[in-house]
Number of protein chains: 2
Amino acid sequence: MIPGPTPVPENVLNCMSKHPIGHRSGDFQELVEKTTKQLKWLHQTNGEVLTITGSGTAAMEAGIINTLSKGDEVICGDNGKFGERWVKVSKAYGLNVKVIKADWGQPLDPNQFKKLLEEDINKNIKAVIMTHSETSTGVINDLQAINHEVKNHGKAIMIADCVTSLGACNIPMDEWGIDVIASGSQKGYMIPPGLSFVAMSKKAWDANAVSNLPKFYLDLKLYLKTVNKNSNPFTPAINLYFALEESLTMMQKEGLNNIFARHARHRNATQAGMKAMGFNLFAKEGFGSPAITAVQPEDIDAESIRKSIKNDYDILLAGGQDHLKGKIFRIGHLGFVNDRDIISVVSALESTLDKMGKLKSPVGQGIAKTISVLNNES
Amino acid sequence: MIPGPTPVPENVLNCMSKHPIGHRSGDFQELVEKTTKQLKWLHQTNGEVLTITGSGTAAMEAGIINTLSKGDEVICGDNGKFGERWVKVSKAYGLNVKVIKADWGQPLDPNQFKKLLEEDINKNIKAVIMTHSETSTGVINDLQAINHEVKNHGKAIMIADCVTSLGACNIPMDEWGIDVIASGSQKGYMIPPGLSFVAMSKKAWDANAVSNLPKFYLDLKLYLKTVNKNSNPFTPAINLYFALEESLTMMQKEGLNNIFARHARHRNATQAGMKAMGFNLFAKEGFGSPAITAVQPEDIDAESIRKSIKNDYDILLAGGQDHLKGKIFRIGHLGFVNDRDIISVVSALESTLDKMGKLKSPVGQGIAKTISVLNNES
């Protein structure tokens, strides 16, 4: 129950052990053609979605360095570990970064973006870079509202890290006009890590035409050229393509709206259980990610809870990162997760806290709330 | 029988379908610790070997951009598709590239390196970049001799693409003093594509300290910092680590010298069979790669041979790239290849040519030579 790698269905795992086929073969071309169509469906876009062998960071870096040039002014949202990372990437490439911060656990404030973008009457700001679902804190930022300000600006493009939000909640790329979406295979995709994806709008490709940052392995022009021939510029992680085809087919069968509703329901059920057990949620009310719930226990070391639940129930929870280590634990409910997983983790937490003598409510109260949400939300 | 992805043993494939473990877990740390030791054994080095999720190109690019700075003078050897690629990468990052060329099929001439390096009395040349086994032509370049000239220069570092030579022939990294070795999982490693490796000498790390090219995902400092904690800076292709551990354990059981002898013997047996059938070898005599044999048929389209042998015997051979398309075919004998594979491909080629009415020798003469080598070389 960590926020990635997420659980992988057995039929998808079985695909991983097929013998790799040649990446210049007709069979592989068919695989690229099919998965590219499926990826467009998942991104709700008619634009190109490119597949990179690498982590989500590689995809996000590719989005940044393929649309910008040295010295370009950009705004980076930073309210967690990943927001922080995009500031680092931007600085590593000599971009002129204005950072909009929020405390960890708080969402980014769209008004701060609005202000900076409106003040930019000379249209110097080339991009807004932000994380949608901040995995480190369980906060979902208001991508739609911030993107609305970017559209009002007119010139800047929106580069969004949707690594733990894509396939968990609705992100209609074309409808909203998001320019770059980066994501990674070990999240909503339900496959093991190793592939990442960059979706690019027409406006993003226009920006690419004048971008001058050096790159080769992450040069998206090379990926565009080859995806049009149903191929890949470098030797890709072929076995992960087998898994990708299988998992995207499962997702298509479930349907986007059902997938989004399932994640919202699991988020709500998890949050309700945690609150009923007397826990504080780390993310500000109303900004809990559909992918992950961060929980802040009072007067108990979060690491001791993690250790105990792993030991007694073999359930792995994520800990807090950096200054949050020991302060929070994080429950992933992203990807191949069902109601059984949700009631398991909530009741195991209840049992664990009870054993530690730290449960603030009668045993059963947490799971009762969780079950109530599960049984009443569709 | 293509030069990558190479055949994967069944026990290695089975590892691929295990459920991914958390990349921040103790179990994964053990896996990194073990595979890092195994990688050092394979590279014959006490220095660090870093694992990247990406293709061999990503590893080679990492080696280049982590040791050099904008405007640095470098020599690139170019006698095939991959040599050509390193020239492109170097230029993409604004390096000042002197190219030493040889015709495709010919080896790079160490004397040309010697001349340029000796003329550089001000020691401006910062690196020599070259491909050891040129997959596109089946030529093995004399890495040891060229590296000898680099050592005599004293200042420049050697950055070697050993993607199809590592695990096929002897490359004692520390003994020879190679500074950077890049390789990829889908070659001698016998695992599917998706991981690549960069080994770095002390001198390469010294060069890294003053290197200023922009990077993030390929920033080897981040990999060094985390490998020392048996971890990885980004979410790696965990399932490929399972496969890596399994295949490196198989390789350790076989032993380096046995692996090298097997590849040399298969190269010799393949070459002998091809010559006895009246084929020309594309690589200059004495410079045939232990990983791949490129064959240049006379007055027959190489593509028609490939098509026929795929159709009748389900054996996939590689074709020629770029201007060599239709002119050559390439037999991969790298990684998990045994005597059965060698006699299969040679006899299937003999049968195919016979059916096409293009065999220049009596049927059986090719395979007889191949068998003779197999039975007389240990």
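This is a predicted model: local features need pLDDT of at least 70, side-chain atom pairs count only at pLDDT 80 or more; totals for chains, interfaces and linings use all residues.
Chain B is superposed on chain A by a rotation of 180 degrees with 0.0 Å of shift along the axis, and the RMSD is 0.0 Å. The two copies are thus related as by a two-fold rotation axis. Both copies use the same surface, since 100% of the contact residues of chain B recur in chain A.

At the interface, 42 residues of chain B are in contact with 42 residues of chain A. On the side of chain B that touches chain A, at least two residues each come from helix 1 (10-16), helix 3 (56-65), helix 4 and helix 10 (238-254) of chain B. Of the elements of chain B, helix 3 gives the most to this side, with four residues. By class, the side of chain B that touches chain A comprises 23 nonpolar, 16 polar and three charged residues.

Within chain A, two domains are assigned: domain 1 spans residues 10-254 and domain 2 spans residues 256-376. The centres of domain 1 and domain 2 of chain A, taken over C-alpha atoms, are separated by 28 Å. Contacts between these domains of chain A involve 23 residues of domain 1 and 22 residues of domain 2. Strand 6 (139-140) and helix 10 (238-254) of chain A are the elements that give two or more residues to the side of domain 1 that touches domain 2. That side of domain 1 of chain A has eight nonpolar, 12 polar and three charged residues.

Strand 2 of chain B pairs in the parallel sense with strand 3 (residues 96-101) of chain B over six bridges. In this pairing, B:Ile75 stands opposite B:Lys98 of strand 3. Strand 2, helix 4 (residues 81-92) and strand 3 of chain B together make a right-handed β-α-β unit. Helix 4 of chain B is also one of the helices that supply at least two residues to the side of chain B that touches chain A. Strand 2 of chain B additionally runs parallel to strand 4 (residues 125-131) of chain B, to which four bridges join it. Here the bridge partner of B:Glu73 is B:Ile125 in strand 4 of chain B.

A further sheet was examined in each chain. In chain B, four strands form an open sheet in the order 10-11-13-12, and the pairing is antiparallel. Strand 10 (280-281) and strand 12 (318-319) of chain B stand at the edges with a single partner strand each, so one side of each lacks a neighbour in the sheet. Strand 10 of chain B is joined to the antiparallel strand 11 (residues 292-296) of chain B by two bridges, and B:Asn280 stands opposite B:Gln296 in strand 11.

In chain A, an open sheet of four strands likewise has the order 10-11-13-12 with antiparallel pairing. Strand 11 (residues 292-296) and strand 13 (residues 329-332) of chain A run antiparallel and are joined by four bridges. The bridge partner of A:Ala294 in strand 13 of chain A is A:Arg330.

Technical notes
Residues are numbered from 1 along each chain as its sequence is written. Chains are lettered from A and ligands numbered from 1 in the order in which they are written. Copies are superposed by least squares on the C-alpha atoms of residues with pLDDT of at least 70 in both. Two residues are in contact if their C-beta atoms, placed from the backbone, lie within 7 Å. Domain bounds come from an automatic or database domain assignment. Ala, Val, Leu, Ile, Met, Phe, Trp, Tyr, Cys and Pro count as nonpolar, Asp, Glu, Lys and Arg as charged, and the others, Gly among them, as polar. Two strands pair if DSSP finds at least two bridges between them. A crossover is right-handed if, with the strands pointing away from the viewer, the path from the first strand over the helix to the second runs clockwise.
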